[in-house]
Amino acid sequence: MSNDILTLWQAHRQTELPDVPRERMGELLVLDEVIGGCVAFYLSAGGALDQSRVAILEDCRADLDRLMPDLEEAAAAYFSRLGMLAGLLVERAKESGEPGA
């Protein structure tokens, strides 16, 4: 299991959710929950992700890329870290040759 994922996850969990544009709040909160759930699963499963979670993370990254230009500095940093976590999880799954990754 990767220390960089654990370190980023701990930093993310210790950071308060910043203010985000009202019209984007629902989407961003869902992305935070979904990616966070995948990280928690990865850590509890000893560094494994299934095909469906990899696909979900890839979709979440695309959504974050679309939403990031609308965010102020604190929110951009928060959700950028979340995107980094998603990217690292996808990368690790592909490196490990997990089915469907």
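Where is the place of isoleucine 56? Isoleucine 56 is found in helix α3, where helices (H or I, at least four residues) are DSSP runs numbered from the N terminus. The structure is a predicted model, in which local features need pLDDT of at least 70 and side-chain atom pairs count only at pLDDT 80 or more, while totals for chains, interfaces and linings use all residues. Residues are numbered from 1 along each chain as its sequence is written, and side-chain values use heavy atoms, with hydrogens and water left out.

Isoleucine 56 counts as partly exposed because its relative accessibility is 36%; the scale calls a residue buried under 20% relative accessible area, exposed over 50%, and partly exposed in between (1.4 Å probe, protein chains only). Not counting residues up to four places away in sequence, isoleucine 56 touches Val34 and Cys38, contact being defined as heavy atoms within 4.5 Å. Its C-alpha atom is separated by 8.4 Å from that of isoleucine 35, a residue 21 places apart from it along the chain.

Helix α3 comprises residues 51-67 and helix α4 residues 73-95; their axes come within 9 Å and cross at roughly 145°. Such axes are lines fitted to C-alpha atoms, for helices over the stretch in contact, and the angles run from 0 to 180 degrees between N-to-C directions. On the α3 side, the residues in contact are Val54, Leu57, Glu58, Arg61 and Leu64. Their counterparts in α4 include Phe79, Leu82, Ala86, Leu89 and Val90. The residues of this contact divide into nine nonpolar, two polar and three charged. In this division Ala, Val, Leu, Ile, Met, Phe, Trp, Tyr, Cys and Pro count as nonpolar, Asp, Glu, Lys and Arg as charged, and the others, Gly among them, as polar.

Between α3 and α4 runs a loop that holds methionine 68. Methionine 68 is partly exposed because its relative accessible area is 22%. Leaving out residues up to four places away in sequence, methionine 68 touches Ala76, Phe79 and Ser80.

Within helix α4 itself lies leucine 85. Leucine 85 counts as buried because its relative accessibility is 0%. Beyond its neighbours within four places in sequence, leucine 85 is in contact with Ile5, Leu8, Trp9, His12 and Val39. Leucine 85 and leucine 49 are 36 residues apart in sequence, and their C-alpha atoms are 13 Å apart in space.

Charged residues form a further theme. The structure holds eight salt bridges, each a side-chain nitrogen of Lys or Arg within 4 Å of a carboxyl oxygen of Asp or Glu. One of them joins the side chains of aspartate 4 and arginine 92, at 2.7 Å from N to O. Aspartate 4 lies in helix α1 and arginine 92 in helix α4, so the pair ties together parts that are 88 residues apart in sequence. Aspartate 4 is partly exposed because its relative accessible area is 33%, whereas arginine 92 counts as buried at 18% relative accessibility. Helix α1 spans residues 3-14. Apart from neighbours within four places in sequence, aspartate 4 is in contact with Leu88 as well as Arg92.

Two other salt bridges may be described. Arginine 53 and aspartate 50 meet through their side chains at 2.4 Å, N to O. Arginine 53 is partly exposed at 24% relative accessibility, and aspartate 50 is partly exposed with a relative accessible area of 29%. Salt bridges that share partners join Arg24, Glu27, Asp63, Arg66 and Asp70 into one network. Within this network, glutamate 27 forms a salt bridge with arginine 24, the closest N and O atoms being 3.4 Å apart.

Aspartate 32, in helix α2 (residues 25-44), presents another case. Aspartate 32 is buried yet has no salt bridge. The nearest side chain of opposite charge, arginine 81, is 8.0 Å away; Lys and Arg count as positive and Asp and Glu as negative, with His and the chain ends not counted. Not counting residues up to four places away in sequence, aspartate 32 touches His12, Leu17, Tyr78, Phe79 and Leu82.

Definitions and conventions: Helices (H or I, at least four residues) and strands (E, at least two) are DSSP runs, numbered from the N terminus.
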